[in-house]
Amino acid sequence: MKISYYPGCTLKSQATELDQMARKVAKKLGVEMVEIPTWQCCGAEYPTATDEIASKLSAVRALDYAKHNGGKLLTLCSACHNVIKRVNEDMKNNEDINYRANNYLALDERYNGETEVIHYLELLRDTIGFDEIKKQVVKPLNRKIAGYYGCLLLRPASVMKFDNPENPSVLEQLITALGGQVVNYPYRNECCGAYVSLKSPELAKAKSTSITDSASEFGAVEILTACPLCQYNLEKNGNGKIKVTYFTKLMAEALGIDE
């Protein structure tokens with residue numbers, strides 16, 4: 001199985017491990033991630049101004065490419081996934097944004113939101129299946145692990161449609177399939193404060209510490225995350241007592257992939 005893949009900037013710089021392990025794991029599971037050519041930065045956050053169009057165009061270009069190459073676009077970074085999926089929703093439902101974006105890009109064929117945007121975790125859950133992943137495990141994790149979702153995968157729920165925003169389960173299902181012991185704790189879908197870390201470092205520190213403290217108090221020895229922003233912030237501003245790891249790295253470990 002081949003699928004068009006949008007990596008984004010952070011996975012080519014500070015979060016290369018997230019990208020590299022994802023590719024190796026996908027190959028092990030029979031999926032080829034085909035990086036789209038000449039992709040551009042997604043903008044890192046979704047612009048909410050109704051008259052803002054320029055910062056949405058790179059997402060539309062990526063979506064249009066995927067439309068003509070399989071019809072699906074795989075994302076991995078939580079921020080990129082949030083931006084691209086929300087822009088895709090605009091292209092489906094906002095006539096003004098659709099009109100201006102198509103006129104600016106002058107595509108051979110108008111793009112109207114036809115591409116299906118899929119996060120890597122959705123690919124694992126809905127296409128490959130956790131039962132199949134469990135069969136591939138050669139080194140069960142066998143330790144207490146807490147999943148951390150953050151904000152961007154889950155909200156806005158009406159657009160993302162990723163999981164239950166108040167009680168998500170995909171990370172816990174993955175941990176179980178990999179032979180880990182799930183730790184449920186109150187802060188797994190709370191904001192870590194990454195977006196305010198420059199403007200208000202004290203707030204970012206307080207929010208990240210509360211998350212890592214909560215996971216530790218409930219017995220976790222490791223936090224699993226899908227977001228480079230969250231991973232960096234929880235490591236930098238957390239309590240320093242618990243390891244924070246990308247989910248793809250733990251998958252590579254459990255599947256016996258040589259790093």
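Predicted model: local features only at pLDDT ≥ 70, side-chain atom pairs only at ≥ 80, totals over all residues.
Okay, let's start with the aromatics. If you search the whole structure, you get two aromatic pairs. Here's one of them: tyrosine 6 with tryptophan 39. The ring centres sit 5.6 Å apart and the planes make an angle of 65°, and since anything over 60 degrees goes down as edge-to-face, that's what we call this pair.

So where do those two residues come from? Tyrosine 6 is in strand 1, residues 2-6, while tryptophan 39 is in the loop between strand 2 (32-35) and helix 2 (57-67). They're 33 residues apart, and the pair links distant parts of the chain. And is tyrosine 6 buried or exposed? Its relative accessible area is 1%, and the cut-off for buried is under 20%, so tyrosine 6 is buried.

While we're on rings, have a look at phenylalanine 162. Arginine 125 lies over the face of that ring, 5.8 Å from its centre.

Contact one is with helix 3, residues 78-93. The angle is about 80° and the axes are 9 Å apart. That angle falls between 65 and 115, so helix 2 and helix 3 are roughly perpendicular. Who's touching whom? On the helix 2 side we have Ala59, Val60 and Leu63, and helix 3 brings Ile84, Val87, Asn88 and Met91. By class, that contact has six nonpolar residues, one polar and no charged.

Contact two is with helix 4, residues 95-105. Here the angle is about 75°, with 11 Å between the axes. Helix 2 and helix 4 are therefore roughly perpendicular as well. Leu57, Val60 and Arg61 of helix 2 meet Ala101, Tyr104 and Leu105 of helix 4. The classes here are five nonpolar, no polar and one charged. Notice Val60, by the way: it's listed in the contact with helix 3 and again in the contact with helix 4.

Last stop, leucine 203. You'll find leucine 203 in helix 9, which covers residues 201-217. Its relative accessibility is 41%, so leucine 203 counts as partly exposed. How far is its C-alpha atom from that of asparagine 98? The two C-alpha atoms are separated by 37 Å, and the residues are 105 apart along the chain.

That's my tour, thanks.

Methods: Residues numbered from 1 in each chain as written. Heavy atoms only, no water. Phe/Tyr/Trp six-rings, centres within 6.5 Å; stacked < 30°, edge-to-face > 60°. Helix = DSSP H or I, 4+ residues; strand = E, 2+ residues; numbered from the N terminus. Buried < 20%, exposed > 50% of the residue type's maximum accessible area, 1.4 Å probe, protein only. Lys NZ or Arg CZ within 6 Å of the ring centre and 35° of its normal. Axes fitted to C-alpha atoms, helices over the stretch in contact; angles between N-to-C directions. Parallel < 35°, antiparallel > 145°, perpendicular 65-115°, else oblique. Contact = heavy atoms within 4.5 Å. Nonpolar A, V, L, I, M, F, W, Y, C, P; charged D, E, K, R; others polar.
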